[in-house]
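The entries follow in the order I took them.

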Amino acid sequence: MDRYIVIGNPVEHSLSPDIHRAFAEQTREDLEYATLFAPQDAFASKIAGFFDAGGRGANVTVPFKSEAHSWVDAHDVSAATTGAVNTIAREGDLSMGYNTDGPGLIADLDALGIDVAGSRLLMLGAGGAARGVLGPLLAAGVADLVVANRTVARAETLVAALEGGAVKACGLEAVTGPFDVIINGTSAGLSGEAALIAPAVAQGAICYDLLYARDGATPFCEWARSAGATRVVDGLGMLVEQAAAAFAIWRGVTPDARTVLAALRGHT
Ligand code: ATR
C-alpha cells in the first residue's frame, strides 16, 4: 500500500493523520498515513530512510520546513519562492518539494468569504510561518501590507525580499491601525501569550490566527475577540486546506476539505 507520513518534532499530536485518512476514505484512495518523529539533527537521515523504503510522500512540519527545502531534489514555484517545503512527493527517482501553506490559507479565506484584494493587512511575525504566506497574500491582491515583528530587523529582511504592493516593516509596539485584516503568524500563542499589539489596533478588523485549536479558542483569537475584532478565525481551516492541496499533488484527486473541517470541529 502507498505510504505517507508527516515528519516533525514534536509530531505525535499532529492532526494530519486524521485529516489524510478522512480524505482517503472520502475519495476511496488506498493509502497509509503515519507520523514520523525526527530528532532535531536527524531530519535528513529519517526522511531519506522513509523514501528509500518506498514511501510515496511526506508532509513536513515544525521545525524542518526550511531543512526540507534544502533536502529535496527540485522545487515547484511555491516552494522556491518561500524557501520552505511542507509537502514532498516522490516523482520517479526525484523528491519534489512543494509549499501548500500559502494556497491553504488563500483557500480557507475564500471559503470563509474573506476577500483580501485591495485590503490593508497587518502580519504579526516574521518567521517561517509568516514568510510562507506573504507571497500568496500579495498575489491575492493585498494593497497595503505591514509586517510587524518583535525583532524589527527580521521584519525588515523579510519585507526586503517581497515583491509588489506597498509593504512596510516595524516593531510590534509601533503598530497603528486601522487594518482590514490582521494575521497572527507568531508562535507566541504556543506559550499562551497573545497580547502582542495595542488592543485598539484590532478593533473593527478581521483577525486570523495561523495557529489553531479545535474549538477555535487560541490565545490570539480570544485576545482579538475581547479587543473588539469584527470577525475572529483560527487556522484549522488552513491546516485542512493545505492538507487537501498536498493530497491532490500526491493522488491527483482533490478531496472536499470543508466536510473534513466540519468533522474536526465536531459539527457533524
Ligand atoms: P515559525 O516557523 O513558527 O514562524 P519562527 O521562525 O521561530 O517559527 O518564528 C516565530 C515568530 O514568532 C517570530 O516572528 C518571533 O519573533 P522574533 O523574530 O522576534 O523571535 C515570534 N514570536 C515568538 N514568540 C513571541 C513572543 N512571545 N512575542 C512576540 N513574538 C514572538
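I counted as a salt bridge a side-chain nitrogen of Lys or Arg within 4 Å of a carboxyl oxygen of Asp or Glu. The model is predicted.

**Salt bridges**

I looked up D2 and found a salt bridge with R251, the closest N and O atoms being 2.8 Å apart. D2 lies in strand β1 and R251 in helix α10, so the pair ties together parts that are 249 residues apart in sequence. I noted D2 as partly exposed, at a relative accessible area of 30%.

I then took D18, which forms a salt bridge with R214; their closest N and O atoms are 3.8 Å apart. D18 is in helix α1 and R214 in the loop between β11 and α9, so this pair ties together parts 196 residues apart in sequence. D18 is partly exposed at 40% relative accessibility, and R214 is partly exposed at 42%.

For R265 I found a salt bridge with D234, with 2.5 Å between the closest N and O atoms. R265 sits in the segment after α11 and D234 in the loop between β12 and α10, 31 residues apart. R265 is partly exposed at 23%, whereas D234 is buried at 3%.

I also noted that salt bridges with shared partners join D2, E29 and R251 into one network. My count came to 9 salt bridges.

Methods: Residues numbered from 1 in each chain as written. Predicted model: local features only at pLDDT ≥ 70, side-chain atom pairs only at ≥ 80, totals over all residues. Heavy atoms only, no water. Helix = DSSP H or I, 4+ residues; strand = E, 2+ residues; numbered from the N terminus. Buried < 20%, exposed > 50% of the residue type's maximum accessible area, 1.4 Å probe, protein only.
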